[in-house]
Amino acid sequence: MSELRLPRTYVVGLGEVGRRLGGALDRAGVPTCPVTRTRGWDEARGDPEGVCLVCVGEESLAEVLETLHNVPSERLILVQNGWIRPLLVDLPDNTRGLIWFTSKGDFFQILRANAFAGPLAEDMALALAAGGLPSEPVEKAMFDSLEADKMGFNCVVGLPLAVHSMTLGDYLAECPGEAKAVFEEAVNACSAATGAEIDSRAWSAFLETAKFLRWVRASQAKALDFRNQAVVALAAEHGLAAPANQELLGQYGEKCVTNSGWSERL
């Protein structure tokens, strides 16, 4: 077995993702330090060799990166699954991760192996795997393809469920054409933006993964700027269409105004 080489790791954000990743690193023997809203920032910024594993949601990422502005990009590991690339143009040497598990309280389900790309990819994947979370390092081209795949996943498991007030299982059973269109628009737009090769098996792989999540609901759609809205923008930028995502965004906006008065979420 390869030797673990990951240095002290500052886990920024202790939601479900941070809690699970930090726990796996602890089990692997990696020294970890939590960074919360009120503590740990000075230590994370001041450690010349420590790694910052940033686990906050997409909406909070810009603020966190500004707070960590003096941390070299090669010491940053980012595990947001939305379209965060515009935030990273000045951080060329970061490490990215795509997280493939679902966690809520005591419930935990591994969906696929987590994928990491970048200078710390091998070290992070090795440590997480040693701590019980299947993970693997991948080359950039593979990561680009997997990122498009995960965008398709996130665009289906979120906004459509909030619009239709359905579980994922019911949605896939009752609206299969729309679900596939939402997924493929996301994959195509993100692939066009990165030049990634489109995996023809991505939709069937999504359906296999979805079997573990048929109960999932979404009363509110999260991080739309980084998911479905990003897909619509990327599609327009690259001469593609994303009508299914655009229609759902419009329906969601109308539903928010009618039911809750929080249309500002869009």
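**Helix packing and nonpolar cores**

The buried residues of helix H4 (residues 121-130) are covered by several elements, including helix H1 (16-27), strand S3 (51-54), strand S4 (76-78), strand S5 (95-98), S8 and strand S9 (135-137). The model is predicted. On H4, the residues that count as buried are Ala121, Asp123, Met124, Ala125, Ala127 and Leu128. Gly132 follows this helix. The phi of Gly132 is positive, near 100 degrees.

The largest nonpolar core holds 50 residues. Within this core, Leu159, Leu168, Tyr171, Leu172, Phe206 and Tyr252 touch the most other members. Several elements supply at least two residues each: strand S8 (114-117), helix H5 (140-156), helix H6 (159-164), helix H7 (168-174), H8, helix H9 (202-210), H10 and helix H11 (243-259). H8 gives the largest share, with seven residues.

Tyr171 deserves a separate description. Leaving out residues up to four places away in sequence, Tyr171 touches Val156, Pro160, Leu161, His164, Met166, Pro176, Glu178, Ala179 and Val182.

Helix H8 packs against H5. Their axes are 8 Å apart, and the angle between the two helices is about 150 degrees. H5 is therefore roughly antiparallel to H8. The crossing is right-handed. On the H5 side, the contact is made by Asp144, Ala148, Asp149, Met151, Gly152, Phe153, Cys155 and Val156. On the H8 side, the residues are Ala179, Val182, Phe183, Ala186, Val187, Cys190, Ser191 and Thr194. By type, the residues of this contact divide into 11 nonpolar, three polar and two charged.

H8 also meets H10. The axes of H8 (residues 176-194) and H10 (residues 228-237) come within 9 Å and cross at roughly 55 degrees. The two helices are therefore oblique to each other. The crossing of H8 and H10 is left-handed, whereas that of H5 and H8 is right-handed. From H8, the residues in contact are Val182, Glu185, Ala186, Ala189, Cys190 and Ala193. From H10, they are Asn228, Val231, Leu234 and Ala235. The contact of H8 with H10 comprises eight nonpolar residues, one polar and one charged. Val182, Ala186 and Cys190 of H8 are listed in the contact with H10 and also in the contact with H5.

In H10, the buried residues are Asn228, Ala230, Val231, Val232, Leu234 and Ala235. Asn228, Val231, Leu234 and Ala235 are also the H10 residues that meet H8. After H10 comes Gly239. Its phi is positive, near 70 degrees.

Ser165 has a positive phi of about 55 degrees. This serine lies in the loop between H6 and H7. Ala223 likewise has a positive phi of about 55 degrees. Ala223 is placed in the loop between H9 and H10. At 5% relative accessibility, Ala223 counts as buried, because buried means under 20%.

Terms used: Residues numbered from 1 in each chain as written. Predicted model: local features only at pLDDT ≥ 70, side-chain atom pairs only at ≥ 80, totals over all residues. Heavy atoms only, no water. Axes fitted to C-alpha atoms, helices over the stretch in contact; angles between N-to-C directions. Helix = DSSP H or I, 4+ residues; strand = E, 2+ residues; numbered from the N terminus. Parallel < 35°, antiparallel > 145°, perpendicular 65-115°, else oblique. Left-handed = near helix turned anticlockwise from the far one by under 90°. Contact = heavy atoms within 4.5 Å. Nonpolar A, V, L, I, M, F, W, Y, C, P; charged D, E, K, R; others polar. Core = buried A, V, L, I, M, F, W, Y, C linked by side-chain atoms within 4.5 Å. Buried < 20%, exposed > 50% of the residue type's maximum accessible area, 1.4 Å probe, protein only.
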